[in-house]
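Here is a report on how two parts of one protein chain meet. Look at the model first, then read on.

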Amino acid sequence: MKAPIVTLNSNVDARDLIIARPAAGLSLQGRIQVPGDKSISHRALMLGSIARGETRISGLLLGEDPRSTANCFRALGAEISPLNTEKVQVVGIGLGECSEPTDVLDCGNSGTTMRLMLGILASHPGRFFTVTGDKSLRARPMSRVVQPLGQMGAQVWGRKQASLAPLAIQGTQLQPIHYHSPVASAQVKSCILLAGLMTAGETTVTEPALSRDHSERMLQAFGASVSIDPETNSVTVTGPAQLQGQSVIVPGDISSAAFWLVAGAIVPGSELIIENVGVNPTRTGVLEALEMMGADITQENQRVVAGEPVADLRVKSGPLQGWEIAGPIIPRLIDEIPILAVAAVFAEGKTIIKDAAELRVKESDRIAVMARQLNRLGARVTELPDGLEIIGGTPLTGTDVQSESDHRIAMSLAIAALNATGTTTISGASAAAISYPDFTATLQQVLCI
Ligand code: S3P
């Protein structure tokens, strides 16, 4: 029987999600699909927009973040069909041919949109652009891309030495560089590689640990000359490049699947199959971390779809134990740390998450927010400068918690609430629409009593 325990659009506030756990007998069952990968969706829209000819995308994430990317690139001259179906067509502008928009480019909540697009805009000589975003994005560090773009000769203005949006960009002919990034960030790497497309010569990025490599894969598929040195975590693009429109098939987002992996692991008696999930090795840290914690997860039907590895993931509930999550695995699970923290709350013993200071500059300060909100539910979570220490095994009690306007916090708290006694109200849960508009519908679908 389906359990009527989840309420959205309640009489409290249309943005809230209320989860009232029944006294006993709740489990999660079923075969589900998750929305398209957010990182790949952004890149498909962007490369399609700056390529020549037509790009056909299937499986695109219809979340708020890709809508921000689509709107920006429409303003730059791309023709992008309405984002009301997962099949989207893009008629590209051609490399170096973005038109000068008459208004500010609004990136909404999306750091990926702003940082990657800056690389494209900065390499458009003679054109002027302004970019902004929501309150969260206007507080996030842009110096990490503005500084290397400056080394290439870019001209960017904004508050605090152009480290905060809104930013103004005067496009110019850039010089190639070899940039040693202090952070393992796919957004930084991708920004510089995109700037390198229009720059004569070799533009190289070396990063301290390997971050997601979707840009490298997709740039090659669109015809750019990209070489990779796995020994040194370096990528080189040779410009000027030619990009030709392609067909892109976007796999399900492992970052969205992670909510169900943890839910299936912690709610007793559960078994879920999540179909068609992208399992690119630069993204599968969450699978490894959960397996180390003792989760019963299997990858089935492994295949390669349009250059990205894909599998169906099966999870069965069972006991978890605390673990230390640190070092080079961190960039491979950075977006999954909020939901891994939830897994740790229900694991036996202590979990330490370290080397993850990057979490403080995501859509929210995810270290502070997860500690604050999980502790409201009765968890034992301590903030570390670069992570969290979690003592698992303390029962949670439902109460009022807040997403603090962060999509991944909203969904992580909803999963925690499934194992909390009584009723949990998650304020601002509609933030989930950034990356997972159907999250609540899928939750309803898998709940069984
Ligand atoms: C992303 C890279 C990661 C990730 C973000 C998406 C991307 O950010 O947290 O959600 O698509 O390139 P960083 O590159 O800042 O680590």
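## The interface between the domains

In this predicted model, domain 1 and domain 2 bury about 2200 Å² between them, with 52% of it on carbon and sulfur atoms. Buried area is the accessible area (1.4 Å probe) that two parts lose on being put together, summed over both. Thr-282, Glu-363 and Ile-434 supply 24% of the area that domain 1 buries against domain 2, more than any other three residues.

Where do the domains run? The table gives their bounds, which come from an automatic or database domain assignment.

| Domain | Residues |
|---|---|
| domain 1 | 5-36 + 251-448 |
| domain 2 | 38-249 |

The C-alpha centres of the two domains are 29 Å apart. Contact (heavy atoms within 4.5 Å) joins 28 residues of domain 1 to 26 residues of domain 2.

The interface holds 3 salt bridges. Each is a side-chain nitrogen of Lys or Arg within 4 Å of a carboxyl oxygen of Asp or Glu. Glu-358 and Arg-144 form a salt bridge through their side chains, at 2.8 Å from N to O.

On the domain 1 side that touches domain 2, the residues comprise 13 nonpolar, 6 polar and 9 charged. Here Ala, Val, Leu, Ile, Met, Phe, Trp, Tyr, Cys and Pro count as nonpolar, Asp, Glu, Lys and Arg as charged, and the others, Gly among them, as polar.

Residues are numbered from 1 along each chain as its sequence is written. Local features need pLDDT of at least 70, side-chain atom pairs count only at pLDDT 80 or more, and totals for chains, interfaces and linings use all residues, while side-chain values use heavy atoms, leaving out hydrogens and water.
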